[in-house]
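Please keep the sequence open beside the structure as you read.

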Amino acid sequence: MAPIRMIDIAVNFTAWNAGVDRIIVTGGSLEESKEALAIAETDGRLFCTVGVHPTRCKEFEESGDPEKHFQGLLALAKEGIQKGKVVAIGECGLDYDRLHFCPPEVQKKYFEKQFELAYATKLPMFLHMRAAAEDFCEIMERNINKFTGGVTHSFTGSAEDRDKLLSFHNMYIGVNGCSLKMAENLDVVRGIPVERMMIETDSPYCEIKSTHAGINFVKSLWPSKKKEKYDKECLVKGRNEPCLVRQVLEVVAGCKGITDIDLFSATLYQNTCRVFFPQDLDAAADALLAGRNESQ
């Protein structure tokens, strides 16, 4: 089984939101979603998603009973909601870069099916779009009233793709190291409004590397060691870790010319809470943000 990925959705270095760090553990299949929920139950800071990644969508038909498989996902999502741990449906969407795992017609069928999960649970969606913007947006448009909001994470598309996503009023765009590889990527990211953006790591993948176009904006560094020499005081070399969300923040702020990084991180934090943790939105923080924006 592939490593379960973690999406870091709360920056932890601004004083006013200290103590409310959260990580979303991402499910990519029915079995992986069960494991994600089990992991989330081990720590108060952990939450999770329930859904099937586009490259795994053959599992619906391979189960022998696609509807029973769907009902298994729905039951798991409801269980996780009752436990206060499941905060989104996903990771679901379309991935035309890896059609050797799952053909496009199967991907489209079960991407659309998972909007029924979002509708039944009233949860937002954690979405994946790779080289499939046209079909993705067509399905989104047909189902726009079935979900409360969501994020298209690990965005690597064009400016046109970005603008298509932004045309959906309840859609945010998630940025990580894979979104920041080339100068062209940075140009696209510059055009994402701060109020429609989230940042993430997609740990253990998608780290910011020395070859990335925005590497000179990185200020925060941590010591690392090979996994064979594991040290709890160091990162594991070559593995993206949750704390590295700070580097994503620094690169995005740098490429957008943002100097008030604390205000920027606070805005991103509030964006994320609006989608995944609306019950925890901090009114005082919103007032702070409003006041600081008015003074600029």
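## Ground rules

Helices (H or I, at least four residues) and strands (E, at least two) are DSSP runs, numbered from the N terminus. This is a predicted model, in which local features need pLDDT of at least 70, side-chain atom pairs count only at pLDDT 80 or more, and totals for chains, interfaces and linings use all residues. Residues are numbered from 1 along each chain as its sequence is written, and side-chain values use heavy atoms, with hydrogens and water left out.

## T201 and its loop

Look for T201 in the loop that runs between β8 (197-199) and β9 (224-225). T201 counts as buried because its relative accessibility is 1%; buried means under 20% relative accessible area, exposed over 50%, and partly exposed in between (1.4 Å probe, protein chains only). A polar atom of the T201 side chain lies 3.0 Å from the backbone nitrogen of S203.

## The annotated histidines

Which residues does the UniProt annotation "binding site" cover? According to that unreviewed entry, they are H128 and H153. They span 26 residues in sequence, yet no two of their C-alpha atoms are more than 6.0 Å apart, so they gather at one spot. UniProt positions are given in the numbering used here, feature names are shortened, and annotations may be inferred rather than shown by experiment.

H128 sits in strand β5 (residues 125-130) and is buried at 4% relative accessibility. Leaving aside neighbours within four places in sequence, H128 is in contact (heavy atoms within 4.5 Å) with several residues, including H53, E91, C92, D95 and H153. H153 belongs to the loop between β6 (150-152) and α6 (159-166), and H153 is buried, with a relative accessible area of 2%.

Conventions: Polar contact = N/O pair within 3.5 Å; in protein donor to acceptor, adjacent residues only side chain to side chain.
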